[in-house]
Amino acid sequence: IIFSVFSLEKMSESDDELDCIGRKIDQDLRRRRFAGQRTCILDLPQDVQTRWLELLSFHDLLILSCACKCFSTFCKECFLWKALYLQRWPKSIYGGADTAQETQCGGWKSRFVQRLRAENAWLRKRKLTRTILPSRTSTFTQCKFLNSEKWAVSVGADCDIVLWDLEQCQRCGVLEGHEDTVFTCCFEPFRRALLSAGADGVARFWSVDSLQLSEAIIIPETEGVIWQAVFLESGLEAVFCTESGSILRGDRRSGKVEQTFRAHEGCAFALQYREQSIFSGGEDRFLKWWDVRNGSRKVDEVEDAHCGNIFGLHLTEENALVSCGLDTAVRVWDVGPSEITPRCTCDGHGDSVWVVQADNYKAVSGGIDHHINVWDITTGRLLNSFEGFLDSVYCLNYFGSKMLSGGWSVLVLWSFRDGGP
């Protein structure tokens, strides 16, 4: 098999270990071709095989399983199927393997096939389809639909903003410019501009029509990472929450930060904005409400809103504020004229919850436990749970009958036959 079909080029060329493995592969392939021998992964030294597989993502392993003839049948080395199985269904979540099966390749292949069949049956029963979008991004931090089920964007650890054609399930463009992980992206209310920001401390504004950088705001270095950003109603200003615990308001026309105030002790992770009101949550466990019409007046706050970091917030049209965090809970709050009061708590995740999106009836949350849960925001009752995700869920976004979810190594498109999630 030709090794160039695998995405080794996506990895850092400066990685000494990868360079060493690459040289061993090249040397061994040249030697075998010169001798007229057939070349496949099992022809390589076992230590090279093992280290090479550890560097591959799930998507690369999936390509390997389909492309390599010796891998798609009963190989004499069981770690090939074992690597694929554990990449898709980690031990820490689904439990360890039977000892007898661990020592036989047939056992690992059988387990993989049976699990995959059960997963596909689960998807058919719930009348939905799941597509793994081909991507070289190692970690997805946010994904958004562009006011349509056809187009979307994603950002992550590769520093790029990727545009997706969801009808063809393929990338249709890349916006380059960030120098470090991009943690947040959002569209202006009129959908003519895209805002992105992250670890490099620069907020960039992109034209949706020309796919070119239009403006940028450089955040002071003392603020650190920009965790989240949202547009104001006009589309000309944006607010940001940062690693230092501050909230900043910037003007894209001047490229400057117009207002800064300290909101949290430690990082400020989550942010929502509506009608001159800012809602924020962070490392100090406080949920806070700010009025920005008169400076940065604090309207109300909830102490210990979660038993740990608050990672996500979403404000519905009927003023229900949904929060999630390190304590595995999803909480729903009523936003009154001048106070935030608890409505209900949704318990069901097995680990920290990183993202939540809500409408007037339901909330959809995802977390480290590989689950995507749907909740009734009136009672806190669990309506549905999607266990077929392949990875930790760091971001999700639903629109109409489609939903995107991203994690450590995969971006998944969910399609629902009868409505949304």
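This is a predicted model: local features need pLDDT of at least 70, side-chain atom pairs count only at pLDDT 80 or more; totals for chains, interfaces and linings use all residues.
Local features required pLDDT of at least 70 and side-chain atom pairs pLDDT 80 or more, whereas totals for chains, interfaces and linings use all residues. Residues are numbered from 1 along each chain as its sequence is written, and side-chain values use heavy atoms, without hydrogens or water.

The largest nonpolar core has 16 residues. A nonpolar core is a set of buried Ala, Val, Leu, Ile, Met, Phe, Trp, Tyr and Cys residues joined through side-chain atoms within 4.5 Å. Buried means under 20% relative accessible area, exposed over 50%, and partly exposed in between (1.4 Å probe, protein chains only). Val364, Ile372, Phe386, Met403 and Trp414 have the most contacts inside this core. Two or more residues each come from helix H8 (105–125) and strands E24 (372–376), E26 (395–399) and E28 (411–416). Helices (H or I, at least four residues) and strands (E, at least two) are DSSP runs, numbered from the N terminus. E28 gives the largest share, three residues. Another core, of 14 residues, lies apart from this one and includes Cys186, Leu195, Ala197 and Ala203.

Serine 405 lies in strand E27 (residues 402–406). Serine 405 counts as buried because its relative accessibility is 0%. Its side chain makes a polar contact of 2.8 Å with the side chain of tryptophan 414. A polar contact is a pair of N or O atoms within 3.5 Å; within protein, one must be able to donate a hydrogen and the other to accept it, and residues adjacent in sequence count only if both atoms are side-chain atoms.

Asparagine 373 belongs to strand E24. At 2% relative accessibility, asparagine 373 is also buried. Side-chain polar contacts join asparagine 373 to serine 385 at 2.7 Å and to histidine 349 at 3.4 Å.

The largest pocket holds about 1600 Å³ of space. A pocket is an open set of points on a 1 Å grid over the protein atoms alone, where a 1.4 Å probe fits, with protein on both sides within 12 Å along at least five of seven lines; lining residues have an atom within 4 Å of a point. Of its 47 lining residues, Lys144, Gln228, Val230, Gln272 and His314 are closest to the centre. The lining has 26 nonpolar, 13 polar and eight charged residues.

Conventions:
Grid points are joined across faces, edges and corners, and a volume is the space filled by probe spheres set on the points. Ala, Val, Leu, Ile, Met, Phe, Trp, Tyr, Cys and Pro count as nonpolar, Asp, Glu, Lys and Arg as charged, and the others, Gly among them, as polar.
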